[in-house]
Amino acid sequence: MKESSILQINHLKKSYEDGLAVLKDVSFSMEKGEVVVIVGPSGCGKSTFLRCLNLLESVDSGEILLNGKDILKDRKEAYAVRQKIGMVFQSYELFPHMTILENVVLAPCLVQKREKAQAVLEAEKLLERVGLLEKRDAYPRQLSGGQKQRAAIVRSLIMHPELLLLDEITAALDPEMVREVLQVVLELARDGMTMLIVTHEMEFARAVADRVIFMDGGCIVEENAPEEFFQYPKSERAKQFLNTFHYEALEI
């Protein structure tokens, strides 16, 4: 493992109770400050992979090394791990009975025991950064999908994660709301945030990624720089996948 590596995955395997293999001997590593985007067909194991990294799913075998420490060794440390590996879901996961500000400051105060005044100050700065400061006292039901997703990103950022996992964060959004969320992620990438992103937004993947990983059938089929992957995919399976995004005009 390189000194600059923040994450090293060694021979990760996972199967469901019915014997279906979801992850088949997955290995790869990430450097600090790197943005890696995982693409692939639905059901290929992308989201399950992220959930394993965040200890939301168990694994059958393998290692997940965060800064050289295997986080699978002691499941009792799951809460501590999740402070270092933040995760943003496509379904927002905001508490409906709390305001946006209350949602954001809950974890730093409850889990990290930070002073509320300090947490509120940082929360307001982060909300302002993503254009949501005026929504600090609103409830999730009063926000658009794009606004709720930006609030969910802020909730992860305030915990100061070393690695941020983003799982299909635009999948539940209307098309006009997608751009506002992706713009926030692009800015985080420019600021050096280490991120592992699962997405079906190919143009976004091309714009934000330092490296693209293509998964299929629970395996990493290929990985490359974004321009190389999208222009010159090496595997036939990747070529087939990318061709599905190129539609020919239909005659009616």
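## Strand pairing around S8

Two strands count as paired if DSSP finds at least two bridges between them. In this predicted model, strand S3, which covers residues 35–39, meets that requirement with S8: the two pair in the parallel sense over 4 bridges. One of the residues involved is Ile 38, whose bridge partner in S8 is Val 198.

Strand S7, formed by residues 163–167, is also joined to S8 by 4 bridges, and these two strands run parallel. Here Leu 166 stands opposite Ile 197 of S8.

Which way do the residues of S8 point, and are they buried or exposed? Strand S8 spans residues 195–198; Met 195 and Ile 197 point one way, while Leu 196 and Val 198 point the other way. All of these residues are buried.

## The antiparallel sheet

A separate heading is given to the open sheet of 4 strands, which has the order S2-S1-S4-S5 and antiparallel pairing. Its edge strands, each of which pairs on one side only, are S2 (21–31) and S5 (69–70). Helix H1, made of residues 46–53, packs on this sheet and touches S1, S2 and strand S4 (61–66). The direction of H1 makes about 120° with that of S1.

Strand S1 (residues 5–15) and S2 run antiparallel and are joined by 7 bridges. Within this pairing, Lys 14 has Leu 23 in S2 as its bridge partner.

## The largest pocket

The largest pocket has a volume of about 630 Å³. It is lined by 20 residues, of which Arg 82, Met 87, Ala 107, Arg 155 and Met 159 are the closest to its centre.

Which elements each supply at least two residues of this lining? They are helix H2 (78–84), strand S6 (85–88), helix H3 (100–110) and helix H5 (145–157). Helix H3 gives the most, with 4 residues. Sorted by class, the lining of the largest pocket has 12 nonpolar, 5 polar and 3 charged residues.

## The second largest pocket

The second largest pocket holds about 180 Å³ of space. Its lining includes Leu 66, Asn 67, Lys 69, Asp 70 and Ile 71, together with Lys 73, Asp 74, Glu 77, Ala 80, Val 81 and Lys 84.

Strand S5 and helix H2 each supply at least two residues of this lining. The largest share, 3 residues, comes from H2. By class, the lining of the second largest pocket has 4 nonpolar, 1 polar and 6 charged residues.

How values were computed. Residues numbered from 1 in each chain as written. Predicted model: local features only at pLDDT ≥ 70, side-chain atom pairs only at ≥ 80, totals over all residues. Heavy atoms only, no water. Contact = heavy atoms within 4.5 Å. Axes fitted to C-alpha atoms, helices over the stretch in contact; angles between N-to-C directions. 1 Å grid on protein atoms, 1.4 Å probe; cavity = no way out; pocket = protein on both sides within 12 Å on 5 of 7 lines; lining within 4 Å. Points joined across faces, edges and corners; volume = space filled by probe spheres on them. Nonpolar A, V, L, I, M, F, W, Y, C, P; charged D, E, K, R; others polar. Buried < 20%, exposed > 50% of the residue type's maximum accessible area, 1.4 Å probe, protein only.
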